[in-house]
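Please consult the sequence and the model alongside the text.

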Amino acid sequence: MNKELSKKQRRQFFLLNAGAFALIFLLLGFIVLQLLQSSAYKQTDESLKNISQDERSVTMEITRLKEGNPFLMPKSDFAPMENRSNRFNSQMILWSAEGKILNQAALGGRFTELQDLTLTQNKLDSIERITVKNGQQQLHFRSITRKLATPKENVAYVQLLENTDQIDESLQTFKTVLIMCMILFWLLSLAVSYFISKKNMAPILLAWQKQQEFVENASHELRTPLTIIQNSLQKLFTTPNHTILEESKAIAQALNETRRLNSLTTDLLTIARSDANETTLTLKQLAPQPFLAQLIKPFQEIAQLDGKIFVLENYAATPVTVDEKRIHQLLVILLDNALKYTKTGDKITVLSQITHDDWLLEVRNTGATIHDEDKKQIFERFYREERSRNKNSGGFGLGLSIAWQIVKDHHGKISVHDLKPKGVIFRVKIPAKQ
């Protein structure tokens, strides 16, 4: 993946995350403001509704108007006005049918603030928000207006007002603080978005890099046998009169490279299927002892021919649930490596036993020790340590990668360790029951 494409993808991730955070903060702020606004006026609205329906409060106000005494207190024959608000911000206005304020004396200094107030009859018995101009200022009220069924003392309508300037100021302050906090945290979210976009791109870039390496290495490995086959066939064309016996060396070389090419393509197909999650296991019960005894016979014969010692420590007597073909492939890879990287007189040991709930398999050899740096990368594709970088090994660096994938598919673990005083141990642990 080139740098320009990488930057473009990172920018897209960043914008997507930044937009998502902005949408979340806006939605959260809207919900908080709506809930706060509804709860801020809830108690005021309930108080206005209760007082407007309280005949005792209305009767008391009309009595004050009748007697011309705004300071008249309720007599003993009046029930206590439980719902009447004594706050300075609450006002009861008595209207005539013509829309004139009748209790101006009771309002006192408040009347100058409310003199521009007009009677509205289209929203009776419902809470409304009204604004009254008072010079350069504006006063805000919650209001409810009720029509009297039977007019008294020329009073046709009763209106209750509750000044909400303090509540409005508090809401405005809270809104300002909330917006500032939202902007601050959104800016912080931008930094988080940048970090997340960078973090999200890391595995994509790594996968792309591995894919490029895989293609380059595969192309290199394919090119070599194809070149040898091509040269061998071209040589045959230059000597059309030669017999097969005379050109047997070139033919054998071409056939040998064809087998290597077929092995490589098979390994590449196996890895490709694993990457695409197309590999499925055919699990069944397997008896480890006869399975191993049969599998190692050809390897024992090869070891004897090469003057190597081959020992089988076959202790696993309990059946295990595995994919027999895949386990066969795993052991062939490990045993093939052990034969390749040992010399005459070296010893190869295969251990099989049940430990706890795992099937333990170890392939040990007294060949060359693997360096610690190589151990970290030995299961990567096309990786070959220096001791195996020779044509005689015949490997492509795919075997141990396939072995690792087989063990992973069985939910097991594979690792490599030093064998003291010299040698290597490949240790595999696979759950006995899948």
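Axes are lines fitted to C-alpha atoms, for helices over the stretch in contact, and angles run from 0 to 180 degrees between N-to-C directions. The model is predicted, so that local features need pLDDT of at least 70 and side-chain atom pairs count only at pLDDT 80 or more, while totals for chains, interfaces and linings use all residues. Residues are numbered from 1 along each chain as its sequence is written, and side-chain values use heavy atoms, with hydrogens and water left out.

**Overall composition**

- The protein has 12 helices and 11 strands; helices (H or I, at least four residues) and strands (E, at least two) are DSSP runs numbered from the N terminus.
- Of its 434 residues, 38% count as buried, where buried means under 20% relative accessible area, exposed over 50% and partly exposed in between (1.4 Å probe, protein chains only).
- Among contacts with a separation of 6 or more, 67% are between residues 24 or more positions apart; contact means heavy atoms within 4.5 Å.

**Helix packing**

- Two packed helices are described by the angle between their axes and the distance between the axes.
- Helices α9 and α10 pack at an angle of about 0°, and their axes are 11 Å apart.
- The two helices α9 and α10 are therefore roughly parallel to each other; angles under 35 degrees count as roughly parallel, over 145 as roughly antiparallel, 65 to 115 as roughly perpendicular and the rest as oblique.
- On the α9 side, Phe-299, Ile-302 and Ala-303 meet Val-332, Leu-335, Asp-336 and Leu-339 of α10.
- This contact of α9 with α10 comprises 6 nonpolar, no polar and 1 charged residues; Ala, Val, Leu, Ile, Met, Phe, Trp, Tyr, Cys and Pro count as nonpolar, Asp, Glu, Lys and Arg as charged, and the others, Gly among them, as polar.
- Helix α8 (residues 288–295) packs with helix α9 (residues 297–305) at an angle of about 40°, their axes being 4 Å apart.
- Helices α8 and α9 are therefore oblique to each other.
- Ala-293, Gln-294 and Leu-295 of α8 meet Lys-297, Pro-298 and Phe-299 of α9, a contact with 4 nonpolar, 1 polar and 1 charged residues.

- Strands β6 and β8 (residues 347–355) pair in the parallel sense over 6 bridges, and the bridge partner of Glu-313 in β8 is Leu-351.
- Strands β8 and β9 pair in the antiparallel sense over 8 bridges, with Arg-364 in β9 as the bridge partner of Thr-349.
- The hairpin of β8 and β9 has 2 residues between the strands, and His-356 there takes a positive phi near 60°.

**Nonpolar cores**

- A nonpolar core is a set of buried Ala, Val, Leu, Ile, Met, Phe, Trp, Tyr and Cys residues joined through side-chain atoms within 4.5 Å.
- The largest nonpolar core has 44 residues, of which Leu-330, Trp-359 and Phe-426 touch the most other members.
- Helix α10 (residues 324–340) supplies the largest share of this core, 8 residues.
- Leaving aside residues up to four places away in sequence, Leu-330 touches Ala-403, Ile-406, Val-407, Val-428 and Ile-430.
- Another core lies apart from the largest one and has 14 residues, among them Leu-117, Leu-119, Ala-156 and Leu-161.

**Covered elements**

- Helix α12 (residues 399–409) has 8 of its 11 residues buried, so it is largely enclosed by the rest of the structure.
- The buried residues of α12 include Leu-400, Ala-403, Ile-406 and Asp-409.
- Just after α12, His-411 takes a positive phi of about 60°.
- Strand β1 (residues 90–95) is mostly covered, with 6 of its 6 residues buried.
- Ser-90, Met-92 and Leu-94 lie on one side of β1, and Gln-91, Ile-93 and Trp-95 on the other.
- Strand β1 pairs with β4 (residues 155–163) in the antiparallel sense over 6 bridges, and Ser-90 stands opposite Glu-162 in β4.

Definitions and conventions
Two strands pair if DSSP finds at least two bridges between them.
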